[in-house]
Amino acid sequence: MSIFTWPRVHGWATCTLVAGMALSLWVGLVHAAPAVNLIGAEQTAQRIFYVHMGANSMALVGFLTSFGASVLYLIQRKLAWDRLAAAGVEVGLIGGLGTLISGSIWAKPAWGVYWTWDPRLTTAAILVLVYIAYLQLRNGFENPRTQALFGAIYALFAYVTIPLTYYSAIWFRSIHPIMFLASNPDAEGEFVAALGPSMRLALQSSMGVFLLLGVTLIALRWRMLNFDVRVRTLWLRLH
Amino acid sequence: MTLSPATPGAIYDPTQAVLQRRYGPVRQLGRGVWLVLWQSLQVEVREWSAIAPMGALGFLVVLIMSLIFDAGTSDPLALAAGVLWGALYLAGPVGLERQNGGPDFHAFMSYLLSSPLPRPALYLGMWLFQGLLLLCTSCVALIAVAVFLNAPLGQVWILISIVLGCMGFSAAGVVVSALTATLKKSQGLLAVVVLPLTLPLFLIGTSLCRAIWNGASWSSFQHWVYLLLLYNGMVLWGGLWASEQIWQEWQ
């Protein structure tokens with residue numbers, strides 16, 4: 001029996017993820033040095049940063065998968081790509097909501113409010129709403145081909161919100177810091193240069209584990225959707 | 001002028017070829033756009049099915065918002081900008097739903113799709129029509145904002161921003177309404193799908209109007225105008241491509 005069968009891959013991925021998540025949480029919450037420029041509750045709350053960025057990377061992998069799979073569907077017209085796009089959006093939404101919720105929890109001690117209409121927060125909320133609308137639209141169609149085509153078209157339009165969210169904090173400077181653009185004079189940290197070694201390790205491990213979580217969840221959800229189609233086909237044959 | 005298909009694999013349509021020979025591709029497209037626009041305007045003038053609820057909703061939004069926020073804000077012109085764009089933003093889906101949600105629309109589209117009009121003309125005609133409806137609504141909303149919130153009328157850049165906003169909303173709205181028109185239970189779904197996609201327009205438009213009404217110079221608000229143009233260009237280009245795919249699926 002091959003070691004690359006689905007149940008085995010699933011088992012290995014689950015074990016790796018549980019161990020990796022426990023390790024990355026330990027690194028982020030215990031091992032990483034506290035932020036020296038903060039004090040009190042704000043310093044403690046800063047550790048949400050690692051979960052916040054991790055959830056963000058999971059959202060990114062989900063939405064990128066959805067975009068790529070939608071383009072491939074439009075080129076090849078294979079329904080498997082459409083199911084991958086749907087799986088990507090579902091996982092991306094979990095990551096997106098995780099980013100918004102963890103950001104709000106962090107914002108209370110850092111900015112004094114759970115929510116403010118900062119451009120980055122606003123565009124991130126739009127992003128989540130756009131992809132919720134994608135799922136609503138998909139659920140409305142009965143014909144799988146129409147569902148796939150119209151879903152793919154909408155996914156391409158929806159993808160525009162991702163660069164908009166990324167660049168919103170750079171174009172419209174407000175309260176949200178810029179993390180990954182050292183050339184920008186307003187940037188508050190290029191993660192290789194500005195963070196200390198333990199903080200860098202915590203951030204990288206968290207992003208890596210969440211990225212793996214995203215990929216695994218997409219693969220599992222995609223497989224589930226494929227099974228769903230097979231079950232429906234068998235049911236139709238029986239009745 | 002050749003009568004053979006323009007691209008290899010394309011279906012040869014003799015009616016298209018005759019029209020192309022008679023008018024030329026650009027003139028034929030312009031004529032097609034005008035025909036779709038004219039037909040839609042005739043139906044709308046006869047029935048007032050979209051413009052009446054859009055105008056009424058636009059006016060009501062301004063009225064209700066003015067009542068709610070009457071207690072004196074620190075920046076009344078910022079409030080006026082938000083209310084104006086809010087009225088446009090909420091009235092837009094109503095027009096799209098009234099125009100494209102009914103059974104008549106399917107008959108109208110079947111007729112258009114079986115006619116020898118170039119496909120981009122269908123999208124562009126509907127885009128201009130929805131844009132015109134929104135512009136009419138914005139006139140009502142703008143007058144209401146001037147009356148209730150004391151906002152100055154007649155500034156050229158305000159009018160330009162509204163025209164750009166209406167055309168951008170229409171470009172996205174026509175695609176989304178074509179996507180949702182085939183659904184059996186599409187009531188309310190159009191608004192759920194189109195509003196998040198057009199939310200950037202609302203944000204850009206509100207910031208632009210606030211800046212103009214607060215007396216900002218061209219150099220300080222030009223980036224908002226460029227963003228509006230960029231959004232419109234992207235959505236229009238994407239809409240032209242997507243509508244072709246959607247019409248094919250409709251047939």
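Modeller: Helices α5(A) and α6(A) run roughly antiparallel to each other, because the angle between them is about 170 degrees and anything over 145 counts that way. Bear in mind that this is a predicted model. The two axes are 10 Å apart; α5 covers residues 119-139 of chain A and α6 covers residues 144-159.

Now look at who meets whom. From α5(A) come A:Val130, A:Tyr131, A:Tyr134, A:Leu137 and A:Arg138. Facing them from α6(A) are A:Gln147, A:Phe150, A:Gly151, A:Tyr154, A:Ala155 and A:Ala158. Sort the residues of this contact by type and you get eight nonpolar, two polar and one charged.

A:Leu149 counts as buried because 23 C-beta neighbours lie inside 10 Å, and 20 or more is what it takes.

A:Val229 belongs to helix α8, residues 197-238. A:Val229 and A:Arg83 are separated by 146 residues in sequence and by 9.8 Å in space, again C-alpha to C-alpha. A:Val229 is partly exposed, with 13 other C-beta atoms within 10 Å.

On the chain B side 20 residues are in contact with 18 residues of chain A. The elements giving two or more residues to that side of chain B are α7 (156-180), α8 (189-213) and α9 (218-250). The largest share, eight residues, comes from α8(B). By type, this side of chain B divides into 13 nonpolar, five polar and two charged.

What about chain B as a whole? Chain B has nine helices and zero strands. Of its 251 residues, 45% count as buried. If you take the contacts in chain B with a separation of 6 or more, 82% of them are between residues 24 or more positions apart.

Next, the inside. The largest nonpolar core has 133 residues, and B:Ala80, B:Leu84 and B:Val145 touch the most other members. Helix α8(B) turns up again here, as the largest share of this core, 16 residues, comes from it. Pick B:Leu84 and look around: leaving aside neighbours within four places in sequence, B:Leu84 is in contact with B:Ala141, B:Leu142, B:Val145 and B:Cys209.

Helix α4(B), residues 76-100, packs with α7(B) at an angle of about 40 degrees, their axes 10 Å apart. At that angle, α4(B) and α7(B) are oblique to each other. The crossing of α4(B) past α7(B) is right-handed. On the α4(B) side you'll find B:Leu88, B:Gly92, B:Leu96 and B:Asn100. They meet B:Gly165, B:Cys166, B:Phe169, B:Gly173 and B:Ser177 in α7(B). This contact divides into four nonpolar, five polar and no charged residues.

Most residues other than glycine have a negative phi. A:Arg77, though, has a positive phi, near 60 degrees. You'll find A:Arg77 in the loop between α3 (48-76) and α4 (79-111) of chain A. With 13 other C-beta atoms within 10 Å, A:Arg77 is partly exposed. Over in chain B, B:Trp48 has a positive phi too, near 50 degrees. B:Trp48 lies in the loop between α2 (25-47) and α3 (51-68) of chain B. B:Trp48 counts as exposed because it has 12 C-beta neighbours inside 10 Å, and 12 or fewer is the limit for that label.

Notes
Residues are numbered from 1 along each chain as its sequence is written. Chains are lettered from A and ligands numbered from 1 in the order in which they are written. This is a predicted model: local features need pLDDT of at least 70, side-chain atom pairs count only at pLDDT 80 or more; totals for chains, interfaces and linings use all residues. Helices (H or I, at least four residues) and strands (E, at least two) are DSSP runs, numbered from the N terminus. Two residues are in contact if their C-beta atoms, placed from the backbone, lie within 7 Å. Ala, Val, Leu, Ile, Met, Phe, Trp, Tyr, Cys and Pro count as nonpolar, Asp, Glu, Lys and Arg as charged, and the others, Gly among them, as polar. A nonpolar core is a set of buried Ala, Val, Leu, Ile, Met, Phe, Trp, Tyr and Cys residues joined through C-beta atoms within 7 Å. Axes are lines fitted to C-alpha atoms, for helices over the stretch in contact, and angles run from 0 to 180 degrees between N-to-C directions. Angles under 35 degrees count as roughly parallel, over 145 as roughly antiparallel, 65 to 115 as roughly perpendicular and the rest as oblique. A crossing is left-handed if the near helix is turned anticlockwise from the far one by less than a right angle, and right-handed if clockwise.
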